[in-house]
Amino acid sequence: MIRRRHQRGSLTRKGSSWVYRFRESVVGLGGVQERKHRSVKLGLVKDLPARWQAEELLRAWLEKRQPTAASRGPTLKTLGEFAQEWRCSALAAKRSSTRAFYEHVLAKHILSDGDLCRLRLFELTPNRLQQFINGKSQQMYETGKGEGRKRHKYSPAVVYQVRRTLSALLSNAVANGYLEKNPASRLSMPRLTRVRERVWYRPQDVRRILAALGEPFRTMATLAAMRGLRASELVGLRWDDMEWDRSILMVRRSVYRGLEDQPKTEGSERSLPLGRMTVGLLRDHWRRCGKPREGWMFASRRGKPYEPSSLVRRVLRPAMVSLGLPGAGWRAFRRSVGNALSQSLREPVEVAQKLMGHASARTTMEHYLGVPREEELRCAEAIEALMFPTVPQQQQEQEGVIH
């Protein structure tokens, strides 16, 4: 139960002791508030003969027992009510892409669960939220229509997104004084497995893809493949971001679902030197656009920035599949840049981090760098040659390794 103290109380002598008396309001699990009398024995009069000594002890006790975050705020608010409050306040201040992510998960997976949303915040125990997460990991959803309709389980990645949204929501409840601790911070999650392999392309494959694209998509893909731009940064470029005299492209904004915003991280706002070939492609694109001084660098016929996911579906993926390459999106070009710097040019990971605008090198290494199959095979054969230098190759093939 959650307690809330409404007044300062009184300090009195009772027999041989100093006693502090006060009243507080108690909110039970049923949501009914009651006033309760409380008393605390602070110490003996013989040890604290003066009243000011007892008051000092009381002051120290009150400081330790300051009302917690949970006891300062309204305790009868439901999860659904607070979620709406969160959307209008803290969530509205986030980047447009972050806000869209949270709002989608909130509407689809949390607010749609009436039983969960009717619970008061103080009723959201870790066990209750664990039941919700367990149910979500077993929940089925349908795709397709008619005879092509199929049923699927939500992937572990989706369950992680639900838990992440719940944790962000309840962390804000803690910050606002509605809860003392975040009950979603330590939930047990299903094992996260990678559904699809990460795709990146070798330099010769990048050249084939660029040659298969028409303009202006070839120029867009070249910028992504040469400088590792995010898709949201690529469609957010304006002509005044290009410094022609210095051959430098400034990354100052991103565009997500038509909404302009700041770059993803502090390191994402950066200046990118361009090579002569890339500058030449941009100049040709500038001339085709009528040599504008301002406006979007890559705009649709309606004069608005392209939607990256639409270009993946209509332009990029069909070109990749037609060349016999695995279909992927804009991020594959970023991975290709990172792996070219790491594998071919042997540059330090910090170079790829700065070029790609990551906040930390760990993000670059975990999500954008990989080892090609040929490199793995070469390393395997090199280890065999190191461990068993005297075993003939033919004997290895016929008899296996001799211990």
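At what angle do helix α4 and helix α7 pack, and how far apart are their axes? In this predicted model, local features need pLDDT of at least 70 and side-chain atom pairs count only at pLDDT 80 or more, while totals for chains, interfaces and linings use all residues. Residues are numbered from 1 along each chain as its sequence is written, and side-chain values use heavy atoms, without hydrogens or water.

Helix α4 (residues 96-110) packs on helix α7 (residues 156-175) at about 105°, with the axes 10 Å apart. Because angles of 65 to 115 degrees count as roughly perpendicular, α4 is roughly perpendicular to α7. On the α4 side the contact (heavy atoms within 4.5 Å) is made by F101, Y102, V105, L106, H109 and I110. From α7 come V158, Q161, V162, R164, T165, L166, A168 and L169. These residues divide into 10 nonpolar, 3 polar and 1 charged.

Helix α6 (residues 126-138) has 13 residues and reaches 18 Å from first to last C-alpha, close to the 18 Å expected at 1.5 Å a residue. Its buried residues are L129, Q130, F132, I133, K136 and S137, buried meaning under 20% relative accessible area and exposed over 50% (1.4 Å probe, protein chains only). They cover an arc of only 160° around the axis, so they lie on the same side of α6. The face turned away from that side carries the exposed residues N127 and Q131. Among the elements covering the buried residues of α6 are α4, α5 (114-117), β6 (150-153) and α7.

The protein as a whole has 17 helices and 11 strands. Of its 403 residues, 40% are buried.

Notes
Axes fitted to C-alpha atoms, helices over the stretch in contact; angles between N-to-C directions. Helix = DSSP H or I, 4+ residues; strand = E, 2+ residues; numbered from the N terminus. Parallel < 35°, antiparallel > 145°, perpendicular 65-115°, else oblique. Nonpolar A, V, L, I, M, F, W, Y, C, P; charged D, E, K, R; others polar. Expected span 1.5 Å × (residues − 1). Arc of directions from axis to C-beta.
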